[in-house]
Amino acid sequence: MPVLPKSKKKAVPAQSIAELVPTAGAKGEFKQAILRNLTFALARDFGSAKPRDWWIATSMAVRERILARLLETQGEHNKQNVRRLYYLSLEYLMGRLFENNLYNTGLYEEARAALSELGVDWETVRESEVDMGLGNGGLGRLAACFLDSLATLDLPAIGYGIHYEFGLFKQQFVKGDQVEHPDNWMIFGTPWEIVRAEYTTEIKIYGRVEQIFDDRGNSRPAWVDGKTILGVPYDIPIAGYGTKTVNLLRLWASRSTEEFDLAAFNSGGYVDAVREKAIGETVSKVLYPNDKTENGKELRLVQQYFFVACSLRDIIRRHFRTAGNSWDNFSSKVAVQLNDTHPAVAVVELLRILLDEQQFTWERAWTIVTATFGYTNHTLLPEALEKWGAPLFSRVLPRHAQLVYEINHRLMDAVEARWPGDNYKKSVCSLIEENGHKAFRMANLAVVGSHAVNGVAALHTELLKKDLFPEFDSLYPGKFQNKTNGITPRRWLLDCNPRLAELITRKLGGGWARNLDLLRGLEKFADDKAFQTEFMAIKRANKIDLAAVIKAECGVDVSPDALFDVQIKRLHEYKRQHLNLLHILTLYRRLLHNPSLDIVPRVFVFGAKAAPGYDLAKNIIRAINIIGERINNDVRIGGKLKVAFLPNYRVSLAERIVPAADLSEQISTAGKEASGTGNMKLALNGALTIGTLDGANVEIGEEVGEDNIFIFGLKVPDVEALDAKGYNPWDYYAADEELRAIIDWLGSDYFVPGEHHPFGSLHHSLLGGGDPFKVLADYRAYVQAHEKVDTAYRSTAGWAKKAILNTARVGKFSSDRTIREYARDIWSLAPVPVP
């Protein structure tokens with residue numbers, strides 16, 4: 001690619017840029033900035049301004065400071081021609097940015113004071129913001145935490161993703177069933193993003209490959225015909241905490257190259273006139289379109305290619321705008337991280353650019369590709385490892401399909417050299433799955449095309465090397481490494497739990513928000529009665545707040561003196577919300593048999609969305625809702641149990657639940673959860689974990705101590721032994737009378753009289769379906785672990801000590817630590833502070 005001509009415009013010095021925005025803390029200046037934006041950006045005055053107007057005006061006042069820092073950051077990075085990380089993720093679960101940006105820029109107290117002087121209610125303003133519809137679960141929230149840490153640590157980085165118009169979906173419950181509605185989060189726009197139309201990128205899909213010849217008669221493949229789509233970038237600045245660094249999240253919105261057919265419109269074909277525009281915009285409409293149909297599968301593939309192709313074009317443009325940069329130093333200036341397999345097609349796209357457009361030799365092109373990419377694996381479930389049918393892939397990306405076959409041919413040569421004549425090794429390493437039909441294995445492609453592959457918890461990485469990719473671990477010694485996930489303490493303590501944050505700061509000072517290991521200083525207060533009282537008073541105040549949310553959203557009255565038992569995460573069988581439900585039914589049945597049974601009153605809090613096409617997950621939601629309604633209204637049990645399934649789980653809702661939780665449910669089948677980050681958020685806020693030895697639970701247990709966590713159930717070797725022997729859930733059903741009664745109850749029409757098998761798919765999965773995630777095998781151990789929880793909670797001082805030690809000992813799980821390890825071991829990235 002040729003070097004882009006340098007602009008003849010004289011750059012504005014960083015000092016001049018900073019001077020355009022008054023210094024933070026200048027008396028009355030922030031208030032004036034709010035009023036200026038209210039008047040000149042929104043055309044509102046005191047009389048006409050609504051809470052949302054005040055939120056936008058205040059956000060724009062903050063944005064002025066952030067953009068000034070962004071320009072300084074970009075100027076410093078460009079001056080030094082830094083090595084930069086480019087993080088490719090299909091989702092970013094950003095939540096709301098208002099308070100987070102205020103904390104990170106140091107403007108929080110100033111903003112509150114300014115609005116107070118203006119007579120504007122703070123809570124009303126902050127609640128005017130809606131969550132950004134850019135993500136779904138832990139994968140996207142991890143990406144958001146990483147962006148926060150990258151900026152906080154002064155590491156040059158840009159995140160790339162898709163600017164979804166409707167996000168995943170807005171969840172509603174109708175008679176217990178999940179109903180999906182469009183999440184129209186962009187209907188009023190957002191003050192945090194900037195459209196960069198001048199960097200619009202054009203990419204190609206479909207078409208065909210033909211051989212073209214040069215003047216000497218030499219032939220080479222060319223991707224011709226096909227359809228083009230435009231990618232329009234939207235930038236969201238990411239401000240670091242306690243630093244001047246501001247990085248970028250760049251999101252691509254799809255647009256058609258042929259938006260309006262005037263001839264069709266003038267002839268009366270009004271729908272036809274905008275047909276191409278509608279088709280072009282479909283690509284960035286929603287996150288994870290339902291892939292139960294072939295059209296849905298195709299749209300997902302197009303989405304993935306669209307965003308990585310736009311991103312790579314942008315990365316290359318940025319690299320070559322600096323004089324002296326070339327392809328020779330591309331991989332020394334560019335580090336690209338693939339967040340799971342969704343962006344794995346980037347490996348082939350960069351290879352295509354180098355081979356077809358730059359006409360490099362294979363050896364030179366492949367060397368650049370593998371030196372550029374790193375790959376993070378987030379799943380141990382073979383069925384969750386992304387694969388694309390070869391016919392579909394070849395139709396959408398014909399040239400890329402050819403290159404996958406060529407990569408695979410060379411890979412098979414390497415496997416043959418390492419294991420001569422071993423066809424089994426070839427079959428498991430191959431990029432092409434051939435079980436009756438051909439499919440491209442994107443995880444294998446990501447492994448082969450990256451210089452480093454990492455798991456996200458110690459156990460997960462061990463299982464990656466032992467079970468999922470043992471052949472690749474042998475073929476590429478040293479390529480696999482561990483990077484245990486983390487969470488940003490700015491969002492998940494400072495912002496979401498201000499009462500606890502204030503207590504910690506009063507005892508330890510404010511440095512903990514940048515160095516979470518300092519929380520170890522709380523250990524000395526774990527037996528202090530006064531501190532215990534204050535710590536638990538904060539927990540109770542947070543529970544009162546959540547009780548109000550539960551009343552408003554679910555219409556259920558709950559007591560803040562009950563134990564708040566929380567399971568908030570994506571709805572999936574392996575996360576085993578249905579195991580939690582079996583325990584709830586167990587307690588309910590015991591209370592019906594003995595209403596005077598002495599148990600600690602509990603409030604079971606759920607938050608989860610099920611994928612629209614995941615019927616069993618949706619049936620689990622229905623079961624929890626309908627059974628919960630029966631329990632909540634059953635006067636016979638005296639209010640000892642309450643169940644609240646909060647609808648439309650999202651970051652802002654999690655920020656209300658996490659500080660109020662007493663018990664954190666992390667009960668996935670051992671060996672199935674890669675890491676989890678909800679477990680870290682809840683422990684940081686003083687919730688005790690009940691969980692299996694799975695994912696990061698193992699490391700949380702090591703940090704907090706075995707006396708401060710409730711571990712139960714099968715371990716990974718036990719699960720493997722059961723599978724090898726032949727697991728039969730009927731054995732557990734027959735051997736445990738209480739379990740059998742619960743399962744039969746679930747399979748009856750007791751909770752929905754007159755309806756045949758209302759929870760039929762759930763009931764079938766536990767018995768006839770083979771119980772693939774060992775719910776019945778772990779049931780009794782789970783119930784017994786909860787009995788230990790009941791006993792422990794009765795000791796106010798004992799529970800307070802355990803909760804304090806959980807907060808004190810989870811400093812390891814800061815995303816700052818995780819990012820430092822990535823920067824050191826994978827990205828070779830150094831901090832670049834902004835003067």
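How many helices and strands does the secondary structure of the chain come to? I looked that up before anything else, keeping in mind that this is a predicted model. My tally is 35 helices and 23 strands.

**Entry: the whole chain**

I checked the overall size next. The radius of gyration is 28 Å, close to the 28 Å that the globule rule gives for 835 residues, so the chain is as compact as a globular protein of that length. I also noted the box that the C-alpha atoms fill, and along the principal axes it is roughly 90 × 75 × 65 Å.

Of the 835 residues, 60% are buried. The accessible surface comes to about 32000 Å², and carbon and sulfur atoms own 52% of that. I looked at contacts too, counting those with a separation of 6 or more: 77% of them join residues 24 or more positions apart.

Charges were my last item here. I found 102 positive and 103 negative side chains in the chain. The centres of the two sets lie 3 Å apart.

Is β2 enclosed or open to the outside? Six of the six residues in this strand (residues 157–162) are buried, so β2 is largely enclosed by the rest of the structure. I wanted to see which way the side chains go. My reminder to myself: in a regular strand the side chains alternate between the two faces of the sheet. In β2, Ala157, Gly159 and Gly161 point one way, while Ile158, Tyr160 and Ile162 point the other way. All of these are buried.

Which strands pair with β2? One is β1 (residues 84–88), which runs parallel to β2 and is joined to it by four bridges. There I spotted Leu85 opposite Ala157. Another is β10 (residues 246–256), also parallel to β2, with five bridges. In that pairing Gly159 has Leu249 as its bridge partner.

**Entry: strand β20**

Strand β19 (residues 602–607) runs parallel to β20, and five bridges join the two. I marked Phe606 as standing opposite Phe645.

**Entry: a hairpin**

In what sense do β3 and β4 pair? They are antiparallel, with five bridges between β3 (residues 170–174) and β4 (residues 177–181). Lys170 stands opposite His181 of β4. Two residues sit between the strands of this hairpin, and Lys175 takes a positive phi near 55°.

Most residues other than glycine have a negative phi. Asp154 is not a glycine, yet its phi is positive, about 60°. I found Asp154 in the loop between α7 (138–152) and β2. Is Asp154 buried or exposed? The cut-off for buried is under 20% relative accessible area, and Asp154 has 11% relative accessibility, so it counts as buried.

Tyr288 is another non-glycine with a positive phi, this time about 50°. I traced Tyr288 to the loop between α10 (275–282) and α11 (294–320). Its relative accessibility is 15%, so Tyr288 counts as buried.

Technical notes:
Residues numbered from 1 in each chain as written. Predicted model: local features only at pLDDT ≥ 70, side-chain atom pairs only at ≥ 80, totals over all residues. Heavy atoms only, no water. Pairing = 2+ DSSP bridges. Rg over C-alpha atoms; globule rule 2.2 N^0.38 Å. Buried < 20%, exposed > 50% of the residue type's maximum accessible area, 1.4 Å probe, protein only. Contact = heavy atoms within 4.5 Å. Areas by Shrake-Rupley, 256 points an atom, 1.4 Å probe, with all protein chains shown as cover. Lys, Arg positive; Asp, Glu negative; His and termini not counted. Charge placed at Lys NZ, Arg CZ, Asp CG, Glu CD.
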